[in-house]
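Hi everyone, thanks for making time for this one. Let me put the structure up, and then we can walk through a few pieces of it together.

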Amino acid sequence: MKRLILILGLLATLAALSLGFAQKSGGTLIAAWAQDPVSLDPQITSAYSSFQVLENVLDTLVTLDQQDKIVPSLATSWDVSSDGLTWTFHLRHDVKFSNGRPMTAQDVVYTYDRMLDPKTGSGNAYLLAGVKKVTAPDDYTVQFQLGAPNVALLGHLAVNKSVGIIAKESVQDGSIKTQPIGTGPFMITDFEPGTKVVLKKNPYYWQKGLPYLNEVDIRIIKDESVRQTALLSGDIDWAISVPPQSLDQLKNASGVVVDKTTAGAYWYIGVNLKNPYLKDPKVREAINYAINRKDITAAMTFGTGDPTQDPIPSSSAWAFNYAPYSYDPAKAKQLLSEAGYPDGFRMQIMPTTQYPESVRGAQVIQQELAQVGIKVTIKNLEWAQWLQEEGKGNYDTYVCSWNGLVDPDDYFYAQQKTGEVFNFTGYSNPKVDQLLTEGRKTQGFDARKAIYKQVNKMVVDDAPYIYMYNPANINAYRSYVKGYAARPDQAVNFTKTWLDK
Amino acid sequence: MSLRYLLQRLGTLLLVLFGVSVLTFSIMPLVPGSPARVTLGVQATDASVAALEHQMGLDRPLPVQYWSWLSGIVLHGDFGTSLISGKPITEQVARRLPATLVLALAALLIGLLIALPSGIVSALKPGSARDLGVSVMSQIGVSIPDFWLGILLILVFAQALHWLPSNGYAPLSQGLGDYLKHIILPALTAGVISGSIMARFVRSAMLEVLGNDYVRTARAKGLGARRVIAKHVLRNAAITVVTIIGLQMATLLSSIVVVEIIFSWPGLGSMALNATLQRDYPVLQASVLLFATSFAVINLLTDLSYVLLDPSLEYA
């Protein structure tokens with residue numbers, strides 16, 4: 001017995017040692033991105049390719065863990081006044097920017113003042129909606145004064161690095177677009193648009209002993225088959241995405257890890273409610289019955305996505321799994337007749353070359369709608385033109401996605417509330433508006449879930465968006481890359497990543 | 001060749017460049033999409049688009065924008081900064097130009113190594129098996145899209161054989177071996193295709209000269225085949241061949257844009273394509289000017305080389 005205890009003790013010590021000392025410091029990770037980061041100014045860009053770089057460069061007051069739970073980061077704790085109008089954050093005392101200057105509450109105030117200033121032109125300022133003033137009562141305390149209570153604010157301060165704290169030095173010298181200075185584990189030392197971004201270890205990083213890597217070389221490899229080959233041949237260590245059609249091949253390849261998780265994101269058909277046909281709810285209902293989500297998901301993701309009729313993925317705690325429709329072309333035809341279009345009508349669908357899956361999706365939708373008499377023309381545009389047409393409402397329907405969503409408010413508020421910033425469809429339902437406002441005021445998971453359950457049902461029934469599927473976030477890397485995991489919020493974080501070679 | 005002729009040509013070049021710049025400047029805003037919207041992505045509100053366009057100076061009248069751009073170049077030699085990344089364009093060009101030049105020259109070299117021997121060999125015995133062989137090969141080379149050939153080469157030499165890197169560029173500071181290894185596949189992609197095209201021109205230029213009386217005379221007076229070809233045929237075919245190389249450079253440069261994208265090569269081609277997709281007007285403008293200049297310079301060099309090849313030509 002004694003001997004057994006001794007052996008167990010030895011084993012435990014060995015295990016502890018191997019855990020404690022296993023991480024090797026140093027080395028360069030060569031990572032491949034699929035899209036060029038468009039501007040690295042966190043407050044201006046909305047490109048995921050930019051946020052995925054900035055994830056490693058900036059810190060936020062609070063952040064999300066692997067399970068999308070909100071946890072402390074630059075702020076150690078926070079409290080809300082009883083009227084919900086004042087949020088107080090208590091900051092860490094040991095944080096420095098990568099240029100060596102200590103970070104204080106003044107920097108937080110500077111960051112959010114710049115974001116709220118209309119002259120900045122921040123497309124992300126909606127995350128601070130309702131914030132009237134940000135102040136610093138002392139060097140390590142920050143207060144947000146709100147015009148109306150907003151429970152979602154905490155989630156918004158964590159959602160991605162658009163709300164990361166920046167040093168004003170990089171704004172003043174104009175380097176914010178290429179080399180924003182933050183307090184994160186890495187700092188940007190080189191950015192060559194279209195080609196590469198180089199990240200070096202931040203010597204002043206506040207989490208002692210981290211990051212393990214000395215450097216991350218980010219290469220932009222747009223062609224998915226080249227990215228895959230580069231990974232298989234070992235030219236790169238890590239790839240942000242791989243062609244979904246070759247997942248099986250990659251899974252069987254030795255020395256490669258395919259890391260897949262359901263993303264807090266959805267792909268949908270956006271419907272222009274000013275269109276004379278599409279403004280009729282019966283027509284939108286007919287489209288919901290006419291499309292086969294399983295086929296569309298197969299075509300767009302090669303089976304890696306999960307077909308859905310509402311936006312929140314079933315892996316989320318906020319999932320509702322509301323699915324009133326079925327694939328039923330006969331019913332769709334009947335609904336079209338009831339709406340007064342027994343012979344269907346003509347409309348356009350607008351995918352973009354930027355996301356090849358949107359083009360594949362549009363082709364399937366075209367065929368399926370043809371079967372119920374709706375004649376669809378595909379208007380496939382390159383990204384810059386697509387953004388303009390979508391932004392100005394020059395479309396009948398479009399195919400797109402929303403990414404990096406956490407709180408149910410992220411899924412609905414800015415997209416579906418009347419007149420909100422990203423309500424491009426023209427959707428307006430006073431009951432939905434009222435519930436969304438209420439959702440921001442209400443505390444407690446159950447109470448909020450009850451509210452968003454109603455919102456979810458109404459939006460799916462009214463169908464300004466026709467939801468298609470929740471995509472998976474799939475990263476692939478060499479098996480010697482340790483301490484990395486694909487995340488539902490699609491963030492790419494190399495803080496604890498190390499190379500076992 | 002007189003100095004006057006050279007100055008005249010340079011004067012024309014400047015006029016052409018001016019015309020090109022006015023043309024691109026007036027066409028660009030007509031293309032739908034704006035750099036402000038590209039920067040903001042899907043999360044663009046009208047207010048933020050307007051604020052960014054103001055920061056970028058795009059709300060000024062077009063002639064004012066043109067003048068500030070032109071005066072920057074003429075007075076300060078400065079191409080301005082990228083609207084998207086905020087990087088100085090002159091610095092970007094200086095970094096990327098050598099990569100593109102090296103790639104273009106390596107591709108041209110490969111192209112010539114393919115075109116000259118195969119063109120000559122097939123012209124010497126038209127209708128023979130080897131002529132047919134060259135025709136078939138060059139037809140394949142001409143028909144293959146460059147992006148497809150690039151990926152095929154990557155699959156074979158990088159993924160299957162592990163001989164060469166699949167993408168990227170290694171600066172000379174990393175060692176000559178690494179530098180050359182990275183050039184081979186992209187240069188081969190562009191070179192094979194342009195070599196196939198040139199081979200057909202070399203063949204027909206050779207055939208044309210071979211049919212001339214003086215070749216028959218040279219043969220009749222008993223000169224060996226080798227001397228006839230070296231002294232009479234090649235020399236006279238050279239003018240046509242040089243013209244073709246000059247013209248071919250245009251095709252080569254455009255396929256280099258594609259090759260740079262496939263291989264993530266940090267050159268001017270990938271810069272130009274990115275600028276187009278992102279509506280980064282000043283970067284696009286600079287790229288167009290650079291490409292126009294290089295075409296004009298190549299044309300000039302082609303013309304000038306005629307004199308060296310055929311002293312009977314003289315420019316006044």
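Let's start with two helices in chain B: H6(B) and H8(B) are oblique to each other, a word that covers the angles left over once under 35 degrees is called roughly parallel, over 145 roughly antiparallel and 65 to 115 roughly perpendicular. Before the numbers, some housekeeping: this is a predicted model, where local features need pLDDT of at least 70 and side-chain atom pairs count only at pLDDT 80 or more, while totals for chains, interfaces and linings use all residues. Residues are numbered from 1 along each chain as its sequence is written, and chains are lettered from A and ligands numbered from 1 in the order in which they are written. Helices (H or I, at least four residues) and strands (E, at least two) are DSSP runs, numbered from the N terminus.

Back to our pair. Helix H6 of chain B, residues 129-143, packs against H8(B) at about 135°, and their axes are 8 Å apart. Those axes are lines fitted to C-alpha atoms, for helices over the stretch in contact, with angles running from 0 to 180 degrees between N-to-C directions. The crossing is left-handed, which says that the near helix is turned anticlockwise from the far one by less than a right angle; clockwise would be right-handed.

Which residues of H6(B) meet H8(B)? They are B:Val134, B:Ser138, B:Gly141 and B:Val142, and among their partners in H8(B) are B:Val192, B:Gly195 and B:Ala199. Contact here has C-beta atoms, placed from the backbone, within 7 Å. For the classes, Ala, Val, Leu, Ile, Met, Phe, Trp, Tyr, Cys and Pro are nonpolar, Asp, Glu, Lys and Arg are charged, and the others, Gly among them, are polar.

H8(B), residues 176-210, also meets helix H5 of chain B, residues 89-124: their axes come within 5 Å and cross at roughly 35°. That crossing is right-handed, and its contact residues divide into 22 nonpolar, 8 polar and 1 charged.

Zooming out, chain B has 12 helices and 0 strands. Its C-alpha trace spans about 85 × 55 × 35 Å along the principal axes. Of the contacts in chain B with a separation of 6 or more, 70% involve residues 24 or more positions apart.

Now over to chain A, where 6 strands form an open sheet in the order E14-E18-E13-E17-E15-E16, with mixed pairing. Strands E14 (306-307) and E16 (375-378) of chain A stand at the edges with a single partner strand each, so one side of each is left without a neighbour in the sheet. Two strands pair if DSSP finds at least two bridges between them.

E13 (266-271) and E17 (397-402) of chain A run antiparallel, joined by 6 bridges. Along that pairing, A:Gly270 is opposite A:Tyr398, and A:Tyr266 is opposite A:Trp402. E15 of chain A, residues 346-350, pairs with E17(A) in the parallel sense over 2 bridges, with A:Ile349 partnering A:Thr397.

Last stop, the place where the chains touch. How many residues does each chain give to the contact? Chain A gives 44 and chain B gives 42. On the chain A side, the largest share, 6 residues, comes from H12(A). That side divides into 17 nonpolar, 18 polar and 9 charged residues.

Thanks, happy to take questions!

Conventions:
Contact = placed C-beta atoms within 7 Å.
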